[in-house]
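Please open the model in your viewer and keep the selection panel at hand. The stops below say what to select next and what is there.

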Amino acid sequence: MYFTNIIVAALALAAGSLAAPTELLMPRQGYISTCNKTYTVVSGDTCNAILAKQGNTFTLAQFYSWNPEVNAACTNLQPGEQVCVGVASTGCAAPTAPGIAANCASCYTVVPGDTCLTITQPRGVSLASFYAWNPAVNSACSNLMPGYNYCVGV
């Protein structure tokens with residue numbers, strides 16, 4: 001028993017002299033595959049602060065669509081995590097709908113009153129393709145943003 005206590009005491013002493021890591025490694029937030037620019041979150045960052053640090057070159061909606069694991073209140077960012085702050089450019093002029101297909105070759109600018117059908121039917125595009133090329137568009141097609149470009153052909 002005495003020998004065991006000495007071993008335990010020696011291990012405890014040795015463990016106390018080991019240096020603790022200076023920073024914790026955090027798992028990376030999930031972001032979309034077309035991301036081509038990332039930012040490392042620092043203590044105190046908010047989604048709006050990250051946008052400002054990037055020169056407000058994208059919208060908060062785009063940031064959320066590129067970083068689907070960031071919650072809507074932006075309260076789950078952790079220092080050391082990587083978040084997406086840029087995606088591969090498309091053939092569409094800005095502003096573009098969040099997350100549109102990187103290989104988009106044909107775009108359409110939404111005007112008030114547009115629906116997915118009024119956009120796709122005249123162009124011979126299936127709804128399935130439109131949704132695939134524009135993943136931020138919800139299944140009811142109720143979140144189209146007038147003035148934004150959407151992909152209508154790859």
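Helices (H or I, at least four residues) and strands (E, at least two) are DSSP runs, numbered from the N terminus. The model is a predicted one, in which local features need pLDDT of at least 70 and side-chain atom pairs count only at pLDDT 80 or more, while totals for chains, interfaces and linings use all residues. Residues are numbered from 1 along each chain as its sequence is written, and side-chain values use heavy atoms, with hydrogens and water left out.

Begin by selecting C74, which is placed in the loop between α3 and β2. Its phi is near 60°, a positive value in a residue other than glycine. C74 is buried at a relative accessible area of 11%, where buried means under 20% relative accessible area, exposed over 50% and partly exposed in between, with a 1.4 Å probe and protein chains only. Then move to C141, in the loop between α5 and β4, where phi is near 55°, again a positive value in a residue other than glycine; C141 counts as buried at 13% relative accessibility.

Next, select V110, I119, F130, V137, L144, Y150 and C151, the residues with the most contacts inside the largest nonpolar core, which has 19 residues. A nonpolar core is a set of buried Ala, Val, Leu, Ile, Met, Phe, Trp, Tyr and Cys residues joined through side-chain atoms within 4.5 Å. The elements that give two or more residues to this core are α4 (116-120), α5 (127-133) and β4 (149-153), and β4 gives the most, with three residues. Apart from this core lies another, of 16 residues, with C47, V70, V83 and V85 among them.

Keep Y150 selected and show its surroundings: leaving aside neighbours within four places in sequence, its contacts (heavy atoms within 4.5 Å) include A97, Y108, V110, F130, V137 and L144.

Now colour β4 as a whole. Five of its five residues are buried, so β4 is largely enclosed by the rest of the structure. Four bridges join β3 to β4, and the two strands run antiparallel; strands pair if DSSP finds at least two bridges between them. Within this pairing, S106 stands opposite G153 in β4.

From there, go to A102, in the loop between β2 (82-87) and β3 (106-109).

Turn to helix α3 (residues 60-66), which holds Q62. Q62 is buried at a relative accessible area of 9%, and touches T96 and P98 when residues up to four places away in sequence are not counted.

Which rings are linked into a cluster by ring pairs? Select F58, F63, Y64 and W66 to see them. Rings of Phe, Tyr and Trp (its six-membered ring) pair if their centres lie within 6.5 Å, and planes under 30 degrees apart count as stacked, over 60 as edge-to-face and the rest as tilted. The structure holds five aromatic pairs; one of them, F58 with F63, is stacked, at 6.4 Å centre to centre and 15° between the planes. F58 counts as buried at 6% relative accessibility, as does F63 at 0%.

Finish with D45 and K53, whose side chains meet in a salt bridge (2.6 Å, N to O). A salt bridge is a side-chain nitrogen of Lys or Arg within 4 Å of a carboxyl oxygen of Asp or Glu, and the structure holds one. D45 counts as buried at 11% relative accessibility, whereas K53 counts as partly exposed at 46%.
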